[in-house]
2 protein chains.
Amino acid sequence: LNKNIPRVRRRTTLILLIIISFSLSSIFSKDRDKYIGITKEIVRSALTKQNGYEWLRELCEIGPRLSGSQNSFKAISWAEEKMEELGFDVWLQPVMVPHWVRGEKEEAVISESEFFEGRNLEILALGRSVGTGKDGITAPVIKINDFDELEAKKEELKGKIVFFNRSIDPAIVNTFQGYTDSVVYRLRGAIEAAKYGSVGILITSLTTKYDNVPHTGAMRDYVDSLPKIPAAALGYLDADFLNDALKKDPTLKVKMKLNCKTLPDTLSYNVIADLKGTEKPDEIIIVSGHLDSWDAGVGAHDDGGGCIQSLEVLDLFKRLSIKPKRTIRCIFYINEENGSKGGIEYAAYVDTTKEKHIAAIETDQGVFTPEGFNVTADSSTLIKMQSWLPILEYAGINWIKKGFSGSDISKIKNIPALIGFVPDDQRYFDLHHSNNDVFEEVNPREMELGTAAIAALAYLLSEEP
Amino acid sequence: LNKNIPRVRRRTTLILLIIISFSLSSIFSKDRDKYIGITKEIVRSALTKQNGYEWLRELCEIGPRLSGSQNSFKAISWAEEKMEELGFDVWLQPVMVPHWVRGEKEEAVISESEFFEGRNLEILALGRSVGTGKDGITAPVIKINDFDELEAKKEELKGKIVFFNRSIDPAIVNTFQGYTDSVVYRLRGAIEAAKYGSVGILITSLTTKYDNVPHTGAMRDYVDSLPKIPAAALGYLDADFLNDALKKDPTLKVKMKLNCKTLPDTLSYNVIADLKGTEKPDEIIIVSGHLDSWDAGVGAHDDGGGCIQSLEVLDLFKRLSIKPKRTIRCIFYINEENGSKGGIEYAAYVDTTKEKHIAAIETDQGVFTPEGFNVTADSSTLIKMQSWLPILEYAGINWIKKGFSGSDISKIKNIPALIGFVPDDQRYFDLHHSNNDVFEEVNPREMELGTAAIAALAYLLSEEP
């Protein structure tokens, strides 16, 4: 070994290698060839038939599916019928969901400025925002880069619209990391700005695409002790424009009018289909996505695609006559986007049922070419799953790592493994929560290869001790 | 260790682990942190500035760049000027290239049939095909699945158009593998069919996208002792249609008219730019793509993108003031698509120059999200390169394997390492050699992350002993 490595590190390396060799050894088990054979069959059927891609087309034709909307109920009915038509037992689990409506399209314009008066700005209200009233609000704008600057300038905020000009840092390779670093201004910007008397906020859209399509997304609950101020996202190019305009004319005023409001909570449903296990029907492996979407685009990647992949996992088993030992349960959660009520409701069910939940897979990062799986589990479970990589690589899986699994399944307590499907993430935030998230942006091979990868993992989870 | 593993396999595993540990050990070298720091800088600059993406837009605006065409010369001039503007020494290496022209758009129609008469078929002549003459050819069509069937039915082929109905098998995960399995009918179909008196061939486009856009590509040289018969690719949907039509009416006739021909060879150029090494200027690391494209689409992915990535590698070094020890040489080969004369000419130069070629990287699989590098080298070189993975993973590289590097660099003899950049391949054959290969199909983050990965590897190659 290289002399530059200190002794301790060498010992660590050796232990690591022993662990790796143990984990590799299990791939030589007698079932390995059988598992590889079945994985290849799954891949062949998914890529050749592309059934799920066609179902996603049908789902997207319904339109956007915001919780509580007419379309969301159409989508629930469509899902129920599709699952029954495919021959699965379906359960509509009731759940009360928030019902926020956008109303007429929002507007923003530079209403007072020597240079820019009359210039429209492309905006989209943030989900859960209050409206502005029919006269809108008109106020000067102050650009703020982060909460430290907000605090430093707190004396200057009264009566103003705070413009949080912070998109996703393009230099961060993992776009989910970049998103996580910046989403806090969408989540809490209106609450923080209200503390200092601001009358509204604008944020730069969280996007990796430099067009003018605004991206919405949820805000945190307003705080009752503070004024509830309206919040909207600017298209990236108009955010850039406003940034420059403020340099030339710091006194410009913007008028914005949002017509959104929150209606009383509505009864809605998680849609759940089971493929019963042959040996351990009460042991459950979940495959899942969320059926609701934002009301911009049609939620093709977020998360119609994840739902359909989950459903096609069941259908792949059925059409290939693969009989899993444990029950494979497909869940379309409702309301991931603005409340997570579906995930919370299902997790509450897990606490009370006699069924034993073994593992839950969530797909909510788009339906791009598969890369790996993020796992929340103890080390021995993780190592066991990593020993399946020589099988899963036939479905394009490169790695299995510890990591965040997914928003809906993370509500479930007392389950050995929570697993997030991770596809290529470079294009996801081009589309996310915007009019760019349309069916045409889904590539059937990418989607179906992902479906096959999830199906192969679900199969291994259902068979292994 | 698992008792099921025979002793020999256990020993092999142990040896393997020792090799891996040696290779891992080199990542602890004192330069590792420096290399990671520089890789991060490269990634940040590529993803933030996206210069290459804008240059690709300019290149694509010229239009398609088939060898010998006016556009190909415009592209050569554009490249020369861009390289000079960026501050590099430029060399136009002269090379004679074939000059095939399509002429007026080709036509095909079902000219005789009780059911389908008058139905047009969407076709594109294969590159290097002869034309049909101005009256076209009219003949019955026989569908053939493979060369075995061709041989079996050789008595039935005289006077007919052979329809090779074999696209890429969608079940094969690696689309390049699927393409390689089926491309032989495009390459040799017209030669094999001519042996038995066929008057022309149609092939189903080699595609993973089920639209009606035909995909062209090169044929092998005709054999002088056989008749030279015309060859064209059908759009996938029309191939499907023709397949079904032949079942209903096996006697239908197709008229096809191709206006293509081969003109005398033309003088053209490889375009070459150097960033001189500070310590070993005569040791060369190549980064490269091919500047010519087919005349359908604009060759955005194939291979305008690969050229621009190679050029931006040099510019990244320059704009980040990274001084490589060895010379980094960017080559835009001409004529990869229908003759490989550019690659052959450069390889001939390598044989005569006093410069020492250390490694050559080729990028010609599209500009999608990076996955890894294929390497042709001896085992110790490969293991050394694999020890760089903990650095290259900062630029999205998952693996380095033995494998085919690329068509142009494969002509170079006596070079320690030939390296092919491998991005996600699921979408490449949707576009390849067709009107689908346009600038709009390039995602800037995918492209620039690939550029950064290639730059990081070129840097390591230039620094390491």
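Student: In which sense do strand 4 of chain B and strand 8 of chain B pair, and over how many bridges?
Tutor: Strand 4 and strand 8 (residues 231–234) of chain B pair in the antiparallel sense over three bridges. Two strands are said to pair if DSSP finds at least two bridges between them, so three bridges are enough for strands 4 and 8 of chain B. B:Ala125, for instance, stands opposite B:Ala232 in strand 8 of chain B.

A word on the source: this is a predicted model, in which local features need pLDDT of at least 70 and side-chain atom pairs count only at pLDDT 80 or more, while totals for chains, interfaces and linings use all residues. Residues are numbered from 1 along each chain as its sequence is written, chains are lettered from A and ligands numbered from 1 in the order in which they are written, and side-chain values use heavy atoms, with hydrogens and water left out.

Student: What makes strand 3 and strand 4 of chain B edge strands?
Tutor: The open sheet in chain B has eight strands in the order 3-2-9-5-6-7-8-4, with mixed pairing. Strand 3 (120–121) and strand 4 (123–125) of chain B each pair on one side only. The strands themselves are DSSP runs (E, at least two residues), and helices are runs of H or I with at least four, both numbered from the N terminus.

Student: Which strands pair with strand 12 of chain A?
Tutor: Strand 10 (residues 261–275) of chain A pairs with strand 12 in the antiparallel sense over five bridges, and A:Val271 has A:Phe332 as its bridge partner. Strand 11 (residues 280–290) of chain A runs parallel to strand 12, joined by eight bridges; here A:Ile285 is partnered by A:Ile328.

Student: Why is A:Asn335 called buried?
Tutor: Buried means under 20% relative accessible area, exposed means over 50%, and partly exposed lies in between (1.4 Å probe, protein chains only). A:Asn335 has 0% relative accessibility, so it counts as buried. This residue sits in the loop between strand 12 and helix 10 (341–352) of chain A. Strand 12 (residues 326–333) of chain A is itself mostly covered, with eight of its eight residues buried.

Student: And why is B:Ser321 called exposed?
Tutor: B:Ser321 reaches 55% relative accessibility, so it counts as exposed. Its place is the loop between helix 9 and strand 12 (326–333) of chain B.

Student: Why does A:Glu441 count as partly exposed?
Tutor: A:Glu441 has 40% relative accessibility, so it falls in the partly exposed class. This residue is in the loop between helix 13 (428–431) and helix 14 (444–463) of chain A.
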